[in-house]
Number of protein chains: 2
Amino acid sequence: MRNRNPHPWRWIISTGLIILLFCGALFASGDGGGSGGHHNPFARVFEAFFIILLLALVGRYLANKTKQSAVLGELLMGIIAGGLLYMQDNPIITIIRNFDIIEEVGRLVTQKEYSYITAVDDILAESTLKPDVQTKLRELFIRPDLEEFLIISNSINFISSLGVILLLFMVGLEISISDMKKSGKNSIIVAILGIILPFAMGYGCTLILLPDLSHSSHVFIAATLCATSIGITARVFKDLGKIQIPEAKVVLGAAVIDDVLGLIILAVVTGMVSSGNVQISDILIILIKAVVFFGLLLWFGSALLKRSVQLFAKFDRSHVKLIYPFALLMICSYLADLIGLATIVGAFAAGLIIREEAFQLKGIKGFQNNETVEHILAPLEGVFAPVFFVVMGLQVDTSILFTKEVLVTGGVLTLVAILGKWLASVTMPKRLNKHIIGIGMVPRGEVGLIFAGIGRGLGVLDNELFAAVILVVLLTTLVTPPALSKMLRSYESKEPLKDQ
Amino acid sequence: MRNRNPHPWRWIISTGLIILLFCGALFASGDGGGSGGHHNPFARVFEAFFIILLLALVGRYLANKTKQSAVLGELLMGIIAGGLLYMQDNPIITIIRNFDIIEEVGRLVTQKEYSYITAVDDILAESTLKPDVQTKLRELFIRPDLEEFLIISNSINFISSLGVILLLFMVGLEISISDMKKSGKNSIIVAILGIILPFAMGYGCTLILLPDLSHSSHVFIAATLCATSIGITARVFKDLGKIQIPEAKVVLGAAVIDDVLGLIILAVVTGMVSSGNVQISDILIILIKAVVFFGLLLWFGSALLKRSVQLFAKFDRSHVKLIYPFALLMICSYLADLIGLATIVGAFAAGLIIREEAFQLKGIKGFQNNETVEHILAPLEGVFAPVFFVVMGLQVDTSILFTKEVLVTGGVLTLVAILGKWLASVTMPKRLNKHIIGIGMVPRGEVGLIFAGIGRGLGVLDNELFAAVILVVLLTTLVTPPALSKMLRSYESKEPLKDQ
């Protein structure tokens, strides 16, 4: 406190280190405890929530100081903290990183009359996990406080899921349906090319690079390259106040379409791997579901929104602007999952449905009478959304990334992943900035992670391939925010926006 | 829609029924599904969250129409929905109501090399649960989708826990420390008498009514009658805008002290039951912990709050008013649990610490520059707090309440519970309304439920006693809001408040 203006880098490094050490100590302190007494397991979740918020805070600060996007800082802080905690044998990190195994063990324990230890032996016998990870998992399942850690990990995952749907909801809120229709054609072109090109290039690349692999593995890796994570890109656009530019709308529209198409591809590829062949009718059913879902919701938005808000206001006038949108977000996310789409697709649709005009009711009293829905829900997003990015960072297994094989495969696939999406934007009209659109489609983010996890579960991705795919997800996700930020900053200088 | 102003009761009953049926169908619809495919388990949590928000909405509406407190409506809707769903064999309700058994089974599965089915047989062999509950639990543990339901139930419990700490935090925010000091003496008197009287009366009553019980059971039942639930009372005061009256401060201060004292009593009684004797040093340690905790936090609040807010603002100026208070809430709740107090005690302390003046920093930009911390965090409380009350209702087992034995024991104990707290207020000075203070201390709420659950776990409460204690919790909790509302309304007419 003596020197009030030290060199900014000293500030960054020293505060970063102090908080990291503090967090590490706090997170680790819980390691041994918790087994005795009547402690509330959620108290540990509150602790983790606190630490994650601090990590996100430091990440945002460092990103801001180095002129990067906040999401990059949050992700990297998650990766660093995850690496440190994993080395300390933190059971929460082991659970978060091996959630698929934990789920499989849980399923085996309930389906057959197995004990945890028998089940984990059964699962690990068939897995290709590294010996030290297997040891950690075995040690995990003989912990007397395992149940508590499962509760904590589930809750952290839940907070993260709530964060990502709140984020997508807010993105949907900021985009109007009429705007979506305007950039609809371009979004469709980018989305479809952005799937075909990475798939074809990825397939060819794995054929040459890894000829010994099975056909299923080739197809699955290629499919993983098709994913687009709307979350990362949306956050960058939002952070820089550029969510309203036409390029952002093309990218976000395309990312939503890609999400739907990606899930169709996932369903198709999973079907292929499981049964050996795939029926065209399955593909059609998923496609019809998606169209009907969006169609019904958007019809509801235009026809019934105002009336349902009025009905809702009869029940509770003072909370209508808070509870109605939040409840809509919940039910749309659920319905999307119910018909086989991702919850985030439903959350985005819920955001699209909400129009501020529908909430302009006479005589609404209460604590938020003159505020917009977006403003009222912003604190919820502000608290929960950073958790998603930090937890995504925590899930990245740093120890597996630094072998030569993984680095080469991952590096080549990353180039293919970037090029494929970038090339998808060449057909865009001249008035749009192609590079912004191309780069905006690059991050695989959580969609890529979901693909990778399922691939590992199906046995088509072994340890090295899984690590390589994780590297693709990591690099495409890391590369996008700074590249996109740079482009958006120069975009601003060319054509300044009126609402900046 | 034809008749725009039907009789209010028709409105109430018809809309209530429609939404109840809708909710029942929705909740039940999930029953059979979820086992196939790669569904996101949290999607089901979002569904449950949606239904709980609707139940709370209808509950608030009905309470409002019948001039009752909102919390009573939310509680009753939870009880009704829980009863209906339990009859439908909803696994989530079975898990929520038998969380202690589920936890014990989980512990046994990890500690010994048991399968779920062996573990559940072991636990149920020693339990005195009704045969139909035992059957439901056995059926639960052979469900192939058990794991998913455990995740859903955990997440609902987590949302509820987050709700109650947000509620207590907001209560703390509205009370200033200097005000607490003013009513401190009266709070301490009410708190101590409110523990001694119900304990003595309850002990004597069980000696006469149930002479065959063990000494431990007598002591435990008496201890359960000492609990005070600050949540219910705080909500009633808040709903009626009376949180600032001196009586509210006495009650809330006394409830906080009771929470601490109640935990000491719980620790003492649990120790007595487990080992047969209790050491005075254990009581002293818990007492010292509580004093040191509050002392340190309040010292932090007066000495370091402003400086730490300024440090925080260096990292993220635009979110300081949102993230700082929320992070403080998380860490204080955790720390309270860590030293053996309830998380809600920490949450209340966190609210006490926050002073708006500390957040008056120069040049704070962002979406909430001119708003108070209370206003910014209100949406979080608005979404999560109702979940706590509905879930409390869901936990009440309606089927066990209607035997003659339970009704008589429960009824007598309820009278003792009400009289004991009411009599504790006789020593209050004349300027305070004794009845408001007495009634305000009556609800046992979640604290009573925690006591009851632990008592069942320790084996000192058998099925009937447990049901009777639940009845006490239920009746004291149900009776308080209307009684307190009535008193507060007449209070208003005698001495109208300036800030109404």
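Student: In which helix of chain B does Phe158(B) lie?

Tutor: Phe158(B) is found in helix α8 of chain B, where helices (H or I, at least four residues) and strands (E, at least two) are DSSP runs, numbered from the N terminus. Before going further, please keep in mind that this is a predicted model, in which local features need pLDDT of at least 70, side-chain atom pairs count only at pLDDT 80 or more, and totals for chains, interfaces and linings use all residues. Residues are numbered from 1 along each chain as its sequence is written, while chains are lettered from A and ligands numbered from 1 in the order in which they are written.

Let us begin with the surroundings of this residue. Phe158(B) is buried, having 24 other C-beta atoms within 10 Å; a residue is called buried if 20 or more other C-beta atoms lie within 10 Å of its own, exposed if 12 or fewer, and partly exposed in between, with C-beta atoms placed from the backbone. Once its neighbours within four places in sequence are left aside, Phe158(B) is in contact with Phe42(A), Val45(A), Ser155(A) and Phe158(A), and here two residues are in contact if their C-beta atoms, placed from the backbone, lie within 7 Å. Within chain B, Phe158(B) and Ile376(B) are 218 residues apart along the chain, and their C-alpha atoms are separated by 22 Å.

The corresponding helix in chain A can be described as well. Helix α8 (residues 146-174) of chain A has 29 residues and reaches 42 Å from its first C-alpha to its last, close to the 42 Å expected at 1.5 Å a residue, the expected span being 1.5 Å times one less than the number of residues. α8(A) is mostly covered, since 28 of its 29 residues are buried.

In total, 61 residues of chain B are in contact with 61 residues of chain A. On the side of chain B that touches chain A, at least two residues each are supplied by α2 (41-65), α5 (99-111), α6 (116-126), α8 (146-174), α16 (320-338) and α18 (373-395) of chain B, and α2(B) gives the most, with 13 residues. Sorted by class, this side of chain B has 35 nonpolar, 17 polar and nine charged residues, where Ala, Val, Leu, Ile, Met, Phe, Trp, Tyr, Cys and Pro count as nonpolar, Asp, Glu, Lys and Arg as charged, and the others, Gly among them, as polar. Because 100% of the interface residues of chain B are also interface residues in chain A, the copies meet through the same surface.

How the two copies are related can also be stated. Chain B can be laid on chain A with an RMSD of 0.1 Å by a turn of 180 degrees and a shift of 0.0 Å along the axis, which is the relation of a two-fold axis; the copies are superposed by least squares on the C-alpha atoms of residues with pLDDT of at least 70 in both. Of the residues of chain B, Ser115(B) comes closest to the rotation axis, with its C-alpha at 2.0 Å.

Among contacts in chain A between residues at least 6 apart in sequence, 78% join residues at least 24 apart.

Finally, there is the question of confidence. The model scores ipTM 0.80 and pTM 0.81. Chain A averages a pLDDT of 79, and 80% of the residues score at least 70; pLDDT is the predictor's confidence in each residue, from 0 to 100. Among the elements of chain A, helix α16 (residues 320-338) has the highest mean pLDDT (92), and helix α1 (residues 8-32) the lowest (51). Over residues 28-38 of chain A the pLDDT is below 50, and this stretch has 13 contacts in the model beyond near neighbours in sequence. Residues 493-500 of chain A also have a pLDDT below 50, with two contacts in the model beyond near neighbours in sequence. Where pLDDT is low, the predicted coordinates should not be read in detail.
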